[in-house]
Amino acid sequence: MSLLKVSELDKRFGKNYILSGVSLSIESGEIHALVGENGAGKSTFIKIMTGVYQPEGGEIFWQGEKVVLKSPRDARDLGISVIHQDRHLVPYFTGLENLYLGANYPKRKFWPGIRWGIMREEAERLKAQLGIEVPLEKQAQDMSPTERTLLEILRAVRVGSKLLFLDEPTASLTDQETETLFRLLLHLKSQGTAIIYVTHRLDEIFRLAERITVLRNGQRVGTMFKDEVNKDTLIQLMAGRELVASGPPKAQKVNDQPLVLEVKGLQTVDKRVKHADISVRKGEILGVYGLAGAGRTELLEAIYGIRPKCAGEIKLNGKALSRPSPVSSLREGVVLVPEDRRGQALIMDMSIRENITLPVLRHYTVGGVIAHSQERREAKDFISKLKIKTESQEQSVQVLSGGNQQKVVFAKALISRPGLFLCDEPTQGVDVMTRSEIHRLLRDQAEQGRSVVYVSSDLEEVLEVAHRLVIMQDGETIAELSAEGLTQEAVLQHCYHRRKESESLIGGER
Amino acid sequence: MEERGKLNGLRLLRMYGTVIAAVLIVLGFSVLSPSSFATLDNAVNISRQISFLVIIALGATLVMAVGEFDLSVGAMASFGGVFSAKLAVQGLPLGAAFLIPVGVAFIIGLINGWIVTQFRVLSFITTMAMGTILGGFTFWFTGGTTIFEHIPVGFRYVGQTEWVGIPILSFLMIMLTLIFWFVMVHTAFGRQLYALGGNEAASRIAGIKVGTNKNLAFAICAALAALAGILMASRLGSAHPTGGNGLFLPAYAAAFLGMTSFKEGVPNIWGTFVGAAIIGILANGLTILEVPTFMQDVITGVIVISAVILQKIGRR
């Protein structure tokens with residue numbers, strides 16, 4: 001009997017299916033890898049299995065019995081845990097306090113004080129049993145990423161978890177730390193714990209997992225034993241159908257146009273971007289693609305000037321910018337369309353008009369006083385130009401649909417008449433119609449001689465829109481490809497194979 | 001169509017509920033005490049009584065608009081009153097005695113803002129500490145006693161004179177309210193303050209200078225608080241080291257009441273004015289009805305809480 005069996009799992013948001021008909025079974029003492037491109041449905045699957053999301057259809061069987069996971073608590077009570085660095089830790093609690101978070105503390109019968117001694121002993125026993133070292137007296141915020149991961153695993157083991165989900169656990173670990181983690185996972189496996197391991201790092205999968213399940217666009221493409229596949233076949237399965245970049249009209253040659261943006265060796269203070277080189281010509285749309293956490297958003301933020309850089313050069317129209325800031329960027333004709341619409345792009349309790357005109361208020365002011373009629377006229381222009389559906393420009397943006405909100409964001413970007421657009425996931429959470437409207441808009445802008453940097457985690461989309469493609473990985477730009485004739489598979493080959501190089505290099509050391 | 005009319009009716013009630021409440025309170029007192037409350041003299045009196053509160057609450061509204069708090073306004077009012085009286089006693093020209101404390105307050109406000117924006121310290125903590133510091137200075141200046149000896153007669157002019165039957169204080173209050181309404185609604189500065197309060201990250205990306213604008217809001221708030229304290233000292237002809245402290249809570253009560261009207265959930269100037277008026281009218285009316293002071297506090301508190309709850313319910 002399988003430990004966990006799911007059949008025909010469906011999950012949709014609105015009309016979009018995020019998961020459809022996914023079936024899977026996990027045995028005790030198995031490490032099962034779950035792979036797929038960005039947006040394939042891996043995170044959603046985890047969220048369903050841990051009671052965060054409710055599926056629209058399908059059944060879940062736990063040790064042969066049908067269960068419904070209504071809340072994270074239900075999942076935890078069954079023995080399902082997710083390990084996710086620091087998301088489930090209280091930063092200023094010590095390791096020991098975090099270990100017992102939400103658990104029943106040992107107490108005496110007639111005295112409410114917690115018996116820390118007993119907890120400490122139990123924790124030490126647990127550590128010895130698993131053969132790992134976690135400094136339990138340290139506060140979680142002072143721990144390294146591995147220590148935090150190990151602490152979470154310790155906690156999962158303490159409450160008797162039978163199934164662990166690990167989501168990209170090695171993303172910020174050094175190789176030695178990764179080894180420690182792997183040893184622990186193999187130990188847990190030998191004790192009969194099942195582990196579902198989600199990662200982009202295919203080499204890790206071949207080292208750890210017995211079986212591999214590939215998801216694509218919310219569907220299970222296949223489950224196979226590790227011996228039955230190799231890396232290339234996996235990549236093919238993830239990429240799916242052969243898709244050749246359609247791209248913008250090929251007639252348009254931009255290679256002889258002057259460079260608008262040149263970035264060389266860019267590094268940010270927080271090292272989220274380690275070494276980025278990109279360049280964009282006049283009238284060109286440059287796609288930037290990378291797997292989650294590759295540093296794409298951070299690159300745009302550094303160029304725009306809201307993330308401090310510590311090395312490298314940013315040249316705009318041939319002029320070097322030493323310390324860009326939003327104010328200087330806007331003045332130089334650069335706009336940022338941020339990924340996080342509610343958090344960074346719109347002021348939700350302001351009206352459509354006020355949002356659109358915010359970056360250019362000084363255009364309508366004389367001595368600080370706003371000329372309202374002129375402001376209203378321009379807002380109206382952009383509302384009709386972008387076909388924003390609203391009764392009035394005084395409507396608060398809060399009540400608009402996602403697609404219309406994004407149009408307001410674009411109106412706000414266009415109103416400053418920029419020469420360079422930095423777009424971060426500009427079609428996220430918008431409907432198909434708006435999506436193609438946004439694509440058309442950006443192409444029009446490019447044809448009129450403006451330039452675009454287009455970041456998206458949707459590879460199909462990047463291939464559709466961009467003239468040229470830059471691939472980012474772990475904070476570095478690793479490849480630059482012309483979009484003409486480029487296939488999805490070729491791009492993924494770049495993403496995954498580069499990783500192999502760096503990993504085999506380290507393997508050689510050992 | 002009818003559905004829409006109904007919705008608009010509800011919306012209007014929500015937007016002007018606080019104003020309606022103010023009118024009802026006035027009507028209630030007028031019925032209960034027609035001979036002392038409902039007189040022109042008393043109306044003039046109320047306008048004078050609330051002038052300090054309105055002026056201090058205007059500043060609080062600006063700081064609330066950028067999503068921060070200034071808890072030092074009460075201490076700043078006391079500081080301003082004492083500082084100004086001290087300067088007047090020293091024989092400085094009256095203009096200087098009035099304006100120097102306002103200027104110093106402006107700078108202290110800038111410091112408040114600078115600490116908040118530069119070091120990302122919560123404004124709550126920063127201004128609370130600044131209030132304590134100011135309180136300390138105020139006691140130092142005065143030795144803890146009220147300043148009333150040797151205050152020149154001219155110092156009382158602004159606080160005690162009426163023009164065409166209307167106190168200068170009331171004129172000042174109306175003027176400042178109009179000025180700040182204009183600033184908040186019709187200038188880029190006001191729009192930027194609201195944008196900052198709505199979403200700081202988005203404002204930064206839209207090219208708004210976060211630090212400069214926030215610092216100015218704090219500075220203006222502090223200057224207005226000091227001005228309120230000075231006017232109060234001028235009105236009383238004396239300055240007490242804790243004279244302005246009592247304005248702090250009513251000022252925020254007025255601003256919160258104000259957030260329930262005109263622009264829902266957003267601090268706004270006319271709302272604050274109406275809020276301050278409600279608090280002032282209640283104090284005045286209840287005193288006339290000889291309700292003990294402690295009951296007045298209870299009633300004012302209950303009204304503020306009810307207004308805020310009603311607005312939350314209305315928004316659902």
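How many residues of chain A are in contact with how many residues of chain B? The count is 23 residues of chain A and 18 residues of chain B. Contact here is C-beta atoms, placed from the backbone, within 7 Å.

Some ground rules. This is a predicted model, where local features need pLDDT of at least 70, side-chain atom pairs count only at pLDDT 80 or more, and totals for chains, interfaces and linings use all residues. Residues are numbered from 1 along each chain as its sequence is written, while chains are lettered from A and ligands numbered from 1 in the order in which they are written.

Back to the side of chain A that touches chain B. α10 (326-331), α11 (341-345) and β18 (369-370) of chain A each give it at least two residues. Helices are DSSP runs of H or I, at least four residues; strands are runs of E, at least two; both are numbered from the N terminus. By class, this side has 16 nonpolar, four polar and three charged residues. Nonpolar means Ala, Val, Leu, Ile, Met, Phe, Trp, Tyr, Cys and Pro; charged means Asp, Glu, Lys and Arg; the others, Gly among them, are polar.

Now chain B as a whole. It has 13 helices and two strands. Its radius of gyration is 20 Å, close to the 20 Å of the globule rule for 316 residues, so chain B is as compact as a globular protein of that length. That radius is taken over C-alpha atoms, and the rule is 2.2 Å times the number of residues to the power 0.38. Of the 316 residues, 48% are buried. Buried means 20 or more other C-beta atoms within 10 Å of the residue's own; exposed means 12 or fewer; partly exposed is in between; C-beta atoms are placed from the backbone.

One residue to look at: B:L71. It sits in the loop between α2 and α3 (73-89) of chain B. It has 22 C-beta neighbours inside 10 Å, so B:L71 counts as buried. Beyond four places in sequence, B:L71 is in contact with B:F124, B:T127, B:M128 and B:G131. B:L71 and B:G131 are 60 residues apart in sequence, yet 6.9 Å apart in space, C-alpha to C-alpha.

Last, a helix in chain A. Why is α1 (residues 42-49) of chain A largely enclosed by the rest of the structure? Because six of its eight residues are buried. They are A:K42, A:T44, A:F45, A:I46, A:I48 and A:M49. After α1(A) comes A:G51, with a positive phi near 80 degrees.

Note on methods: Contact = placed C-beta atoms within 7 Å.
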